[in-house]
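Okay, thanks for coming, everyone.

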Amino acid sequence: MRTQIAIVGAGPAGLLLSQLLHKGGIDTIVLERRSRTYVEARIRAGVLEPGTVDLLTHAGADGRMRREALIHDGLAIAFGGRIVRVDLKALTGFPVTVYGQTEITQDLIAARLGHGGKLVFEAENVALEGFDGAHPHVSYESGGQTHDIACDFIAGCDGFHGVSRSCVPGSALTLYERELPFGWLGVLSETRPVDDELIYSRNERGFALCSMRSKTRSRYYVQCPISDAVEAWPDDRFWDELRRRIPAGAAERLVTGPSLEKSIAPLRSFVAEPMAFGRLFLAGDAAHIVPPTGAKGLNLAAADAGVLAAGLIAYYRDGDRTGLDTYSETCLKRVWRAERFSWWFTAMTHRFDDDAFGRRLQTAEFDQIMGSRAAATAFAENYVGMFRAG
Ligand SMILES: Cc1cc2nc3c(=O)[nH]c(=O)nc-3n(C[C@H](O)[C@H](O)[C@H](O)COP(=O)(O)OP(=O)(O)OC[C@H]3O[C@@H](n4cnc5c(N)ncnc54)[C@H](O)[C@@H]3O)c2cc1C
């Protein structure tokens, strides 16, 4: 078997890359370890920057999003009884779009298959070889048989726990990592959201986030010890804890119901540099992770796919290697801006045990956003993803 680009992983990065390359006349094969049903049901992110919406539009996968997504002009940050609304649209000219990663994945898979795209689900033991030379290839097992794909380039879009990054010799990568001592317990429920916009809440009991996926489907999170098991959080306990951490008005409006999904996610900052090695390019969570507070993970994955697609299209169309040679450098600029923002926003809104000094700093950070249009604008630019070159 032969293709131009072998893509490992059918998450947002891999699927969007495949679809953008298809639009540019480039052939791809996507290898995914999980089943289609599993991939399409996975609950994750939901806040899209304008740049991500543009890429999905360019990919021709924006039809349902245009009809069903919610447009949010602002968000609220609650802090010990005070609330500030950050008017993203007024401060930056851009809103954010609320549309679930689950829906994006379904739309991209439908778009790929609708155009005869080659997606291999349940591909086992994917192995990447030869990417440090001129003839990369990828092998995998399916239906009890081993298959081999010869290609020009490999895109490693297989997430933080994937195989691609671990194929690069350790000496060629520098890893930067910080783990946080807590996680997020998330609940999805078929209930009316507590507000029309997101509420980020810093409370003495810990952080909470009121988010949503639609006008009838809510997504809520509470900060919890990373050692907690989901079983320790029956629905009633979750709703009680959430109610105690969010502003009084929101707590009164809160509609509870059975959880459709409940999971605990670790919070971590991680970057692997560089994001390219020979003919292998890493994209999305395979190369970097952010704590979800800034809603950047999915958006960074999409941005990487956009930069890589542009570089590959220029290479095949004009023989111009510039975009490929600068891929890592270009992406890492955005990645580190998002790492900084996500780390800072997490530090400002979460409870760190017995850190009285840190709590005073959190208050000062909040006062700054509340009292300064310049500070609120800086926050809003980061949140909507306006990472101007420095
Ligand atoms: C539990 C959880 C909750 C999250 N919540 C949020 C949130 O609220 N907000 C936010 O902004 N971000 C959130 N994120 C982050 C966001 O979802 C990710 O940044 C985004 O999914 C990255 O997309 P990706 O395509 O790079 O990687 P992924 O979505 O991880 O996709 C990688 C794909 O590769 C496949 N794969 C892995 N290994 C192999 C292999 N060996 N062979 C073949 N295929 C393989 C995987 O099955 C997967 O389909 C969350 C992440 C997690 C894990």
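Let's start at the ligand: one of its oxygen atoms is 2.6 Å from an N or O atom in the side chain of E32. I'm calling that a polar contact, so a pair of N or O atoms within 3.5 Å; within protein, one must be able to donate a hydrogen and the other to accept it, and residues adjacent in sequence count only if both atoms are side-chain atoms. Taken alone, the ligand exposes 990 Å², and the protein buries 86% of that; areas are Shrake-Rupley with a 1.4 Å probe, and for residues only the protein chains shown count as cover.

Quick caveat before I go on: this is a predicted model, with local features needing pLDDT of at least 70 and side-chain atom pairs counting only at pLDDT 80 or more, while totals for chains, interfaces and linings use all residues. Numbering runs from 1 along each chain as its sequence is written, and side-chain values use heavy atoms, with hydrogens and water left out.

The backbone joins in too. A polar backbone atom of R33 is 3.1 Å from a ligand nitrogen, and a backbone N or O atom of L298 sits 3.5 Å from a ligand oxygen.

So who surrounds the ligand? There are 30 residues, the closest being E32, R42, R44, Q101 and D285, where near means a heavy atom within 4 Å. They split into 15 nonpolar, 7 polar and 8 charged. α10 gives the most to that shell, with 3 residues; helices here are DSSP runs of H or I, at least four residues, and strands are E runs of at least two, numbered from the N terminus.

Now the cores. The largest nonpolar core has 70 residues, and L16, L17 and L31 have the most contacts inside it. α10 turns up again, giving this core its largest share, 9 residues. A core means buried Ala, Val, Leu, Ile, Met, Phe, Trp, Tyr and Cys joined through side-chain atoms within 4.5 Å. Apart from it lies another core of 34 residues, including L75 and F79.

Last stop: is E197 buried or exposed? E197 is buried, at 15% relative accessible area; the cut-offs are under 20% for buried, over 50% for exposed and partly exposed in between, with a 1.4 Å probe and protein chains only. E197 is in the loop between β13 (174–189) and β14 (199–202), and its side chain makes a 2.8 Å polar contact with that of R85.

Technical notes: Nonpolar A, V, L, I, M, F, W, Y, C, P; charged D, E, K, R; others polar.
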